[in-house]
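I opened this entry to record what I looked up and in what order. The sequence and the model come before my notes.

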Amino acid sequence: MPRGAGSVLREFNKKVKKVAILGGGPAGAIAAERLAQSGLHTVLIDEKLAWEKPCGGGITYKAYSQYPFLLDNDTPKRMVSETYLSAPNAGRVKMALTRPMAIYSRFDLNHMLLDRAEKAGAQLEKVRVSEILRQGCGWALRTRHGVIDADFCVVATGARNPLREVGTAWTSSDTMYALGYYVPSNQYHIDIQFLSRLEGYVWVFPRCGHLSVGICGKGESAQSLRARLEHYMREHEISWKGAQFYAHMLPALEPRSWKGNRLSGDGWMAVGDAGGLVDPITGEGLYYAMRSADLASQILLDDAHAPHVKPAAYRSVIEHDFAKDLYLGSLIARRLFTGNFLLGSVPARMVQFVRRSPRFRELMQDIFAGTQTYEDLSGRLLRNLNGTLQEVLMSFFFRRILPEPSKS
Ligand SMILES: Cc1cc2nc3c(=O)[nH]c(=O)nc-3n(C[C@H](O)[C@H](O)[C@H](O)COP(=O)(O)OP(=O)(O)OC[C@H]3O[C@@H](n4cnc5c(N)ncnc54)[C@H](O)[C@@H]3O)c2cc1C
């Protein structure tokens, strides 16, 4: 760095005096907390503030081990350490979650995160942003309460981002529908059901006082997904009478869309769903919303990056931190849900392997914990394939020879 450049950079950064966070879901709330904490004038604008955003509400071990405040709080949540996986022609198998999943209602989670942002000094505004306009080096944000100006925008408006000029510019093939019911009932485990020819799955997530029962699927209409879900609920005697219905979009970027993903630009960065940052296989978005907001805030606050290079620095850090891995996930998503392996469907084989192979079960446990990368997935499968198949065969023959212990 040339002599004196440091002070020039600090001068540059002094120009970013006020940051507007558009959207107050997990991504917006974390960005607001981080920026306000550092003394930056931060205003978070959300049309609803805390609300029951359609979601399973499941937080993986990867998320809460990196952000321990997700566990260390008084907000109601369920810690779930058991799951059942089912697939057509493979039945149902029970699997312990060695690292439990935390399940929140989204109202409670959003409320807790917004509360943290406000305590850190962020100003919260409950109003819709109808338009954003570039004005010189800053922004004018139009709302029905008047215009809010800002030097920089963090775009955290979610998957239905109405601001066309900023955030991911996706096509319909880059999203999937996700819908379901909040059913007033109780259970202690998660259910995951794969369905025939569906790039997606049904889930039953137990929350405090109710279940989130839902389905996500790519390339299928909302109507058809709803019919599949209701069929599942009927079969499993889960009544949706009086249960609240929910539906939303879930980003699931195609491989080509990861390449040119519009994640940042002059004076703005998109975080969370507004940047398409969701695992295209599992649908995990909460971790990536918080992680991208955390990284965006670090770049914004870092004096080593002049304002005009911050958007590119953000894209690069996201790519290296997790987006490359999500891109690898998008390459295998379709085959994983609808492909075949050893003359059966991949989901059926997964259920059978979990039942019979401790090695494969460990791998699935890591997927549920969020710690298995796609980069290492095929390598781990290949490394373990021999052992897994041996375990499957051994288990098969032992079960034929020795009777199963009675379940009572
Ligand atoms: C049915 C379903 C189930 C899911 N289950 C899980 C799960 O179990 N685990 C998991 O990790 N992920 C799950 N996801 C994904 C997860 O919900 C999202 O990835 C996550 O909510 C993204 O957070 P965000 O802050 O980016 O966006 P959001 O949570 O969508 O927040 C966006 C905010 O922006 C506000 N907003 C939008 N436009 C404007 C505007 N113009 N002006 C003002 N405010 C605005 C909205 O009111 C909203 O509060 C699920 C998604 C769906 C649809």
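How much area do domain 1 and domain 2 bury between them, and what share of it is on carbon and sulfur atoms? For this predicted model, I noted about 800 Å² buried between the two domains, with 61% of that area on carbon and sulfur atoms. I then looked up which residues contribute on one side, and found that Asp325, Leu328 and Leu336 supply 44% of the area that domain 1 buries against domain 2, more than any other three residues.

In terms of contacts, I listed 13 residues of domain 1 touching 10 residues of domain 2.

For polar pairing across this interface, I recorded 3 residue pairs in polar contact, counting pairs with both residues at pLDDT 80 or more, and 1 salt bridge. I also looked up the pair Lys324 and Glu375, which form a salt bridge with their closest N and O atoms 3.9 Å apart, and I kept in mind that the cut-off is 4 Å.

I turned to helix 8, residues 310–338, which has 29 residues and spans 40 Å from first to last C-alpha, close to the expected 42 Å.

Finally, I took the count of salt bridges, which comes to 21. Among them I looked up Arg34 with Asp294, at 3.1 Å from N to O. Because Arg34 lies in helix 2 (residues 26–37) and Asp294 in helix 7 (residues 286–301), I wrote that this pair ties together parts 260 residues apart in sequence.

Note on methods. Residues numbered from 1 in each chain as written. Predicted model: local features only at pLDDT ≥ 70, side-chain atom pairs only at ≥ 80, totals over all residues. Heavy atoms only, no water. Helix = DSSP H or I, 4+ residues; strand = E, 2+ residues; numbered from the N terminus. Expected span 1.5 Å × (residues − 1). Contact = heavy atoms within 4.5 Å. Buried area = accessible area lost by both parts, 1.4 Å probe. Salt bridge = Lys/Arg side-chain N within 4 Å of Asp/Glu carboxyl O. Polar contact = N/O pair within 3.5 Å; in protein donor to acceptor, adjacent residues only side chain to side chain.
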